[in-house]
Amino acid sequence: SGSSRSIYPRGVKVRAYRSKLLNLTDATKSTVLASGAGTFEGYSCVFVGGRNNQETGGKISFAHCDFRDYHTAALTLISTATVAPSVVNCVFAGSANGLPISNSSATVTLDGTMLVNNYYGKPNGANVPLPTLQVAGPLARDETTLTPFEWSPLVGAAQPAGVSWDFYGNPFRIRPAIGAVEIPPTF
């Protein structure tokens with residue numbers, strides 16, 4: 001927490017499962033920075049603070065992740081980014097300090113095959129396609145545990161993304177909730 005880069009893959013593949021990744025909410029702090037031949041894959045993870053950057057040659061993939069308190073943007077493709085990211089079934093809870101996704105790449109054109117079933121608390125930056133789910137405010141979930149309520153628009157709104165378990169170890173349903181946490185099995 002507080003380092004310039006918490007995770008910095010440059011020539012390796014890093015995977016995080018059911019993890020909480022933290023950094024300061026600051027424009028100079030990256031939680032993940034992928035460049036060169038480096039890749040980062042996050043599954044059912046919660047990201048608090050920082051920002052996630054994709055640089056030349058690097059690739060970031062997120063499935064069923066939650067982002068909050070980020071600065072500048074939760075995910076930024078810098079101007080020299082050359083590889084398309086993959087962001088599926090994620091919640092960008094909104095931040096007064098930044099955009100959910102920012103694309104400054106001169107070569108990567110984002111589309112609906114790269115950004116699938118995501119929930120944005122506020123509009124994205126330029127060069128990012130409109131979401132399939134409407135930009136909205138309250139998520140109808142417990143903001144401490146991130147567990148959606150039964151009536152939440154997140155529930156059953158996602159397509160399977162190859163992720164079996166949520167952040168707490170509960171199985172995702174056939175039609176999973178969007179975000180890192182599935183509704184409790186008792187619902």
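F92 is buried, with a relative accessible area of 0%. Buried means under 20% relative accessible area, exposed means over 50%, and partly exposed lies in between (1.4 Å probe, protein chains only). This is a predicted model, in which local features need pLDDT of at least 70 and side-chain atom pairs count only at pLDDT 80 or more, while totals for chains, interfaces and linings use all residues. Residues are numbered from 1 along each chain as its sequence is written, and side-chain values use heavy atoms, with hydrogens and water left out.

**Aromatic rings**

- A search of the whole structure finds 10 aromatic pairs. Rings of Phe, Tyr and Trp (its six-membered ring) pair if their centres lie within 6.5 Å; planes under 30 degrees apart count as stacked, over 60 as edge-to-face and the rest as tilted.
- Y17 and Y43 form a stacked pair, 5.1 Å centre to centre with 15° between the planes.
- Y17 belongs to strand 2 (residues 13-17) and Y43 to strand 5 (residues 39-43), so this pair ties together parts 26 residues apart in sequence. Strands (E, at least two residues) are DSSP runs, numbered from the N terminus.
- Y43 is partly exposed, at a relative accessible area of 22%.
- The rings of F92 and Y120 are stacked because their centres are 5.3 Å apart and their planes stand at 25°.
- That pair links distant parts of the chain: F92 is in strand 12 (residues 91-92) and Y120 in strand 15 (residues 119-120), 28 residues apart.
- Y120 counts as buried, at 2% relative accessibility.
- Ring pairs also link F40, F47, F62, F67, F92 and Y120 into a cluster.

- Five strands form an open sheet in the order 1-4-7-10-13, with parallel pairing. Two strands pair if DSSP finds at least two bridges between them.
- Strand 1 (5-7) and strand 13 (98-103) stand at the edges, each with a single partner strand, so one side of each has no neighbour in the sheet.
- From one strand to the next, the twist averages 25°. Axes are lines fitted to C-alpha atoms, and angles run from 0 to 180 degrees between N-to-C directions.
- Strand 7 (residues 52-54) and strand 10 (residues 72-77) run parallel and are joined by three bridges.
- Q54 stands opposite L77 in strand 10.

**S30 and R5**

- S30 sits in strand 4 (residues 30-34). S30 is buried, with a relative accessible area of 5%.
- Leaving out residues up to four places away in sequence, S30 touches S4, R5, S6, N23, R51 and N53. Contact means heavy atoms within 4.5 Å.
- The charged end of R5 sits over the ring of Y8, 4.4 Å from its centre. The cut-offs are NZ of Lys or CZ of Arg within 6 Å of the ring centre and within 35 degrees of the ring normal.

Note on methods
Helix = DSSP H or I, 4+ residues; strand = E, 2+ residues; numbered from the N terminus.
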